[in-house]
Amino acid sequence: MTGSPHHVDDVMTHSVVAVGRAAPFKDIVRLMEQWQVSALPVLEGEGRVVGVVSEADLLPKEEFRDTDPDRYTQRQRLSDLAKAGAMTAEELMSAPAVTVRPGSTLAQAARIMARLGIKRLPVVDGEGMLEGVVSRADLLKVFLRPDNDIADEVRRDVVDILFQAPAEPVHIMVTEGVVTLTGKVPDAALIPVAVRLARAVEGVVDVDCHLSGSEMG
């Protein structure tokens, strides 16, 4: 791997199962079970994403299957009650779909998922056409980067740029994603910057900094 997988299209799944607006309830459940996914994009036309149907959209049918909700529940959960009687993807889906672009950063995708409590995001182009899906598991793939790849990037994009004339060589050791920096550098004021930039490298778990400024710095 050359450089960090910085963007969604570096880690997303390109082969995606999706459904049309008219897909029946049982077919949706069957596809989720078959493909082991928690949500399916809903498409129209040549592949434009118009919504997403998730396990959460399907559950009200079971929850309200044998109950007669009181008026308070009816007022508070109108959407869920409507989905309890839904028969197709169009009636079940959440719309408009929450999506992400291929060029979005992994951090941006992670923030969307965390804020909305969702596990998968359709990846769409500028016209809203489906290009793939990115999941929480995909975002975590960056932590499988080999330690030597991380060390090379920290050297190239952090140390060599910030400290062009170090008092002594800056040593970089990466173990299980933890970056250890040791050595003397000309400008101690740049040490916190180095730590922040190293921590931003994809796949870094933590940074253990033992850099110090040289006396002549």
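Predicted model: local features only at pLDDT ≥ 70, side-chain atom pairs only at ≥ 80, totals over all residues.
**Pocket and cavity**

The largest pocket holds about 360 Å³ of space. Its lining consists of 18 residues, and those nearest the pocket centre are Ala39, Val52, Ser54, Ile118 and Lys119. Strand 3 (48–54), helix 3 (55–63) and strand 4 (120–124) are the elements that give two or more residues each to this lining. Helix 3 gives the most, with three residues. By class, the pocket lining divides into 10 nonpolar, four polar and four charged residues.

One cavity of 30 Å³ or more turns up in a search of the whole structure. The largest cavity contains about 50 Å³ of space. Ala39, Leu40, Pro41, Val52, Arg120, Pro122 and Val133 form its lining. At least two of the lining residues come from strand 2 (39–44), and at least two from strand 4. Strand 2 gives the most to the cavity lining, with three residues. Six residues of the cavity lining are nonpolar, none is polar and one is charged. Ala39 and Val52 belong to the lining of the pocket and also to that of the cavity.

**Helix 2**

Helix 2 spans residues 25–35, and Phe25, Ile28, Leu31 and Met32 are buried in it. These residues lie on the same side of helix 2 because they cover an arc of only 130 degrees around the axis. Lys26, Glu33 and Gln34 are exposed on the other side of helix 2. After helix 2 comes Gln36, with a positive phi near 55 degrees.

**Salt bridges**

The structure has eight salt bridges.

| Pair | N to O distance |
|---|---|
| Arg21 and Glu44 | 3.0 Å |
| Arg48 and Glu44 | 2.1 Å |
| Asp157 and Arg156 | 3.2 Å |

In the salt bridge between Arg21 and Glu44, the partners sit in distant parts of the chain, 23 residues apart. Arg21 is in the loop between strand 1 (19–20) and helix 2, whereas Glu44 is in strand 2. Arg21 counts as partly exposed because its relative accessibility is 26%. Glu44 has a relative accessible area of 26% and is therefore partly exposed. Arg48, the other listed partner of Glu44, is partly exposed at 36% relative accessibility. A network of salt bridges links Arg21, Glu44, Arg48 and Glu90.

Asp157 and Arg156 are joined through their side chains. Asp157 is partly exposed, with a relative accessible area of 36%, and Arg156 is partly exposed at 40% relative accessibility.

Technical notes
Residues numbered from 1 in each chain as written. Heavy atoms only, no water. 1 Å grid on protein atoms, 1.4 Å probe; cavity = no way out; pocket = protein on both sides within 12 Å on 5 of 7 lines; lining within 4 Å. Points joined across faces, edges and corners; volume = space filled by probe spheres on them. Helix = DSSP H or I, 4+ residues; strand = E, 2+ residues; numbered from the N terminus. Nonpolar A, V, L, I, M, F, W, Y, C, P; charged D, E, K, R; others polar. Buried < 20%, exposed > 50% of the residue type's maximum accessible area, 1.4 Å probe, protein only. Arc of directions from axis to C-beta. Salt bridge = Lys/Arg side-chain N within 4 Å of Asp/Glu carboxyl O.
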